[in-house]
Amino acid sequence: MIPPEASGAFVWRMEDVLEVYTRPYDPRFPQVCMDELPEQLLADTRPPEPPAPGRPGRVDYEYERRGTANLFLFCEPLAGVRWVDATERRTAVDWAHEIQDLVDVRYPEAEKIVLVMDNLNTHSPGSLYEAFPPAQARRLADRLEIHHTPTHGSWLNVAEIELRVLSGQCLERRIPDRATLQAQVDAWAARRNRAGGTVDWRFTTEDARIKLKRLYPSIQH
């Protein structure tokens, strides 16, 4: 989705993210993208029947709703790495704990983590202060260089591409509980990481200024 009218705020954030994607790989400043996806938990009411000679497997169309879970997906496109955490909720505190893991466990040696994400209200350093003491929240915030995609510009987030791959390869089935969901997404991420799956991002600021010219405000003299 892109805005229907010219917007300086939109193109500023768009060009900011596109600049990040032109930077070369540098382990001191890893480029990480994150996004979220709600997932409905569904259980079979009858055990599926496995395939038999001359007959395909069968799954009853009825199912039982088991609530929902949330998937936090992080990826480092230039390194071909991604991971997914299945959480019960998607609150500011949940996001804050994901950031603590990102900083202290995933990239403890990085000088700054260049983080691209959408501008959901929980995706803010302010959420860190809702989960941790001020000194710890500040320490975590200082390790981040945040770049928000514009409103209606989530397509600029590489993590959204990864979520589409995850959905198509892993989530088009009934998953009854969060533990099973976590096991499934872990297996997907491990397989994709071993294969070195990357995203070949080619859309540049120069392309945007031509193909999305209508989004740029007209200069008034």
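**Helix packing and buried positions in the predicted model**

From the N terminus on, the elements of the chain run α-β-β-β-α-β-α-α-β-α-α-α. The model described here is predicted. In total, the chain contains seven helices and five strands. Its C-alpha atoms fill a box of roughly 75 × 45 × 30 Å along the principal axes. Of the 221 residues in the chain, 42% are buried. When contacts between residues at least 6 apart in sequence are considered, 76% of them join residues at least 24 apart.

Helix α1 spans residues 8-21 and has 14 residues. The distance from its first C-alpha to its last is 20 Å, close to the 20 Å expected at 1.5 Å a residue. Buried positions in α1 are Phe-10, Val-11, Met-14, Glu-15, Val-17, Leu-18, Val-20 and Tyr-21. An α-helix has 3.6 residues a turn, so residues three or four places apart point the same way.

Asp-94 lies in helix α2, which covers residues 92-106. Because its relative accessibility is 15%, below the 20% cut-off, Asp-94 counts as buried. Leaving aside residues up to four places away in sequence, Asp-94 touches Phe-72 and Arg-89.

Leu-128 belongs to helix α3, formed by residues 125-131. The relative accessible area of Leu-128 is 0%, so this residue is buried. Its contacts, not counting residues up to four places away in sequence, are with Trp-95, Ala-96, Ile-99, Ala-137, Leu-140 and Ala-141. Val-116 is twelve residues from Leu-128 along the chain, and the C-alpha atoms of the two are separated by 17 Å.

The packing of helix α5 (residues 158-171) against helix α6 (residues 178-194) was also examined. The axes of α5 and α6 come within 11 Å and cross at roughly 115°. Angles of 65 to 115 degrees count as roughly perpendicular, and α5 and α6 are therefore assigned to that class. The crossing of these two helices is right-handed. On the α5 side, the contact is made by Glu-162, Val-165, Leu-166, Gln-169, Cys-170 and Leu-171. These residues meet Leu-181, Gln-184, Val-185, Trp-188 and Arg-192 of α6. By residue class, the contact of α5 with α6 comprises seven nonpolar, two polar and two charged residues.

Definitions and conventions
Residues are numbered from 1 along each chain as its sequence is written. This is a predicted model: local features need pLDDT of at least 70, side-chain atom pairs count only at pLDDT 80 or more; totals for chains, interfaces and linings use all residues. Side-chain values use heavy atoms; hydrogens and water are left out. Helices (H or I, at least four residues) and strands (E, at least two) are DSSP runs, numbered from the N terminus. Buried means under 20% relative accessible area, exposed over 50%, partly exposed in between (1.4 Å probe, protein chains only). Contact means heavy atoms within 4.5 Å. Axes are lines fitted to C-alpha atoms, for helices over the stretch in contact, and angles run from 0 to 180 degrees between N-to-C directions. Angles under 35 degrees count as roughly parallel, over 145 as roughly antiparallel, 65 to 115 as roughly perpendicular and the rest as oblique. A crossing is left-handed if the near helix is turned anticlockwise from the far one by less than a right angle, and right-handed if clockwise. Ala, Val, Leu, Ile, Met, Phe, Trp, Tyr, Cys and Pro count as nonpolar, Asp, Glu, Lys and Arg as charged, and the others, Gly among them, as polar. The expected span of a helix is 1.5 Å times one less than its number of residues.
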